[in-house]
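Thanks for coming. I have one structure to go through today, so please have a look at the screen first.

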Amino acid sequence: MILTEEQKAEIAAHTRRYNELKAAGQEHAPRALPAPTARDAAPIATDAIIHREVIPGGWYWTTPLNRGDTLRIVNTQGTSTVSLLAWNCADTTERLNHADTIKVQWAARLQKGRVLLSDMGRALLAITEDTSAAHDAVVGGSSAATNQAKYGDGSFRNTRENFILAAAKLGLDRRDVHPCVSFFAPVAIDADGGFVWSQARRASGDFVELRAEMDLLIALSNCPHPLDPAKAYPEASVEIVRYRAGVPAADDLCRTATAEAIRAFANNALYFGETREGAVR
């Protein structure tokens with residue numbers, strides 16, 4: 001596509017305005033986000049564990065997740081990508097909004113201290129621990145077409161079809177399958193706007209923890225990412241540990257790190273009838 005000078009000028013003007021707003025938003029962030037969690041840190045107390053599960057390569061998993069529960073997703077062999085969808089259990093028309101998760105927080109990088117937002121401006125999940133900060137909120141999951149292009153003919157499961165099956169298991173249907181976020185997918189964007197895969201940013205034993213901020217329905221798909229350069233379809237499993245986390249402290253990182261997160265949790269409080277202070281409608 002060849003852009004006219006007028007179109008180039010319009011794009012440049014929008015870019016300048018975006019950068020001005022981003023700088024203003026980040027300038028008022030109350031707290032800096034921390035470095036990734038060490039892989040041998042954040043042990044889980046045995047008596048806090050509710051359930052363990054292994055998701056084989058290519059397969060999916062669904063679960064209800066109660067408010068306050070945490071999911072630890074472990075990239076056991078370091079070659080898996082786990083894509084996620086989430087819905088409000090009480091009203092499944094409210095769901096993960098990956099676009100708002102990016103733009104409201106002024107960052108496409110998912111890491112410890114970030115939250116996953118719904119299309120109602122509320123916090124669905126908080127990233128409470130994370131060893132890699134190597135996740136994708138832009139490209140999305142695999143499909144039959146991307147698998148065909150990468151692996152040729154064969155029976156290779158993909159994230160799109162896994163999520164359709166998962167939605168049906170949860171009493172939902174195809175129209176409820178929305179854009180996902182993908183963990184352990186080290187996708188970066190270069191200076192020219194292209195996608196770059198950085199395999200060195202993920203390793204065996206990496207994990208991410210997601211704390212539920214309302215009662216949720218969760219679907220996970222363990223299928224290779226469309227940009228993963230591996231020539232063979234990976235068959236590595238991932239481990240899921242569901243446990244009951246403690247009550248978040250008043251200065252909980254995810255709830256206080258950014259002005260946007262503070263507003264999202266104020267909206268949660270309003271939704272639950274806990275307080276109206278600072279809520280955005």
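Which residue lies over the face of tryptophan 59? That is arginine 157, at 3.8 Å from the ring centre. Bear in mind throughout that this is a predicted model. A second contact of this kind involves arginine 72, whose charged end sits over the ring of phenylalanine 207, 3.9 Å from the ring's centre.

Now the strands. There is an open sheet of four, in the order β2-β11-β4-β7, with antiparallel pairing. At the edges are β2, residues 60-65, and β7, residues 181-183, each of which pairs on one side only. From one strand to the next, the twist averages 25 degrees. Inside that order, β4 (residues 82-88) and β11 (residues 216-222) run antiparallel and are joined by seven bridges. Leucine 84 is placed opposite leucine 220 of β11.

Next, β12, which covers residues 238-244. Five of its seven residues are buried, so the strand is mostly covered. Which strands pair with β12? One is β1, residues 49-55, running antiparallel to β12 with six bridges between them; here isoleucine 55 stands opposite valine 238. Another is β3, residues 69-75, also antiparallel and also over six bridges. In that pairing, valine 74 has glutamate 239 as its bridge partner.

On to the aromatics. How many aromatic pairs does the structure hold? Four. Take tyrosine 151 and tyrosine 233: the ring centres are 5.4 Å apart and the planes are at 70 degrees, so this pair is edge-to-face. Tyrosine 151 belongs to helix α3, residues 144-151, while tyrosine 233 is in the loop between β11 and β12, so the pair ties together parts that are 82 residues apart in sequence. Both tyrosine 151 and tyrosine 233 are buried. With Phe156, Tyr151 and Tyr233 make up one aromatic cluster.

Another edge-to-face pair is tyrosine 271 with phenylalanine 272, at 5.1 Å centre to centre and 75 degrees between the planes. Buried or partly exposed? Tyrosine 271 counts as partly exposed, at 34% relative accessibility, and phenylalanine 272 is partly exposed too, at 29%.

Tyrosine 271 brings us to helix α6, residues 259-271. This helix has 13 residues and reaches 19 Å from first C-alpha to last, close to the expected 18 Å. Its buried residues include Glu260, Phe265, Asn267 and Asn268. Just after α6, glycine 273 takes a positive phi of about 70 degrees.

That is the tour; I'll take questions.

Technical notes
Residues numbered from 1 in each chain as written. Predicted model: local features only at pLDDT ≥ 70, side-chain atom pairs only at ≥ 80, totals over all residues. Heavy atoms only, no water. Helix = DSSP H or I, 4+ residues; strand = E, 2+ residues; numbered from the N terminus. Expected span 1.5 Å × (residues − 1). Buried < 20%, exposed > 50% of the residue type's maximum accessible area, 1.4 Å probe, protein only. Pairing = 2+ DSSP bridges. Axes fitted to C-alpha atoms, helices over the stretch in contact; angles between N-to-C directions. Phe/Tyr/Trp six-rings, centres within 6.5 Å; stacked < 30°, edge-to-face > 60°. Lys NZ or Arg CZ within 6 Å of the ring centre and 35° of its normal.
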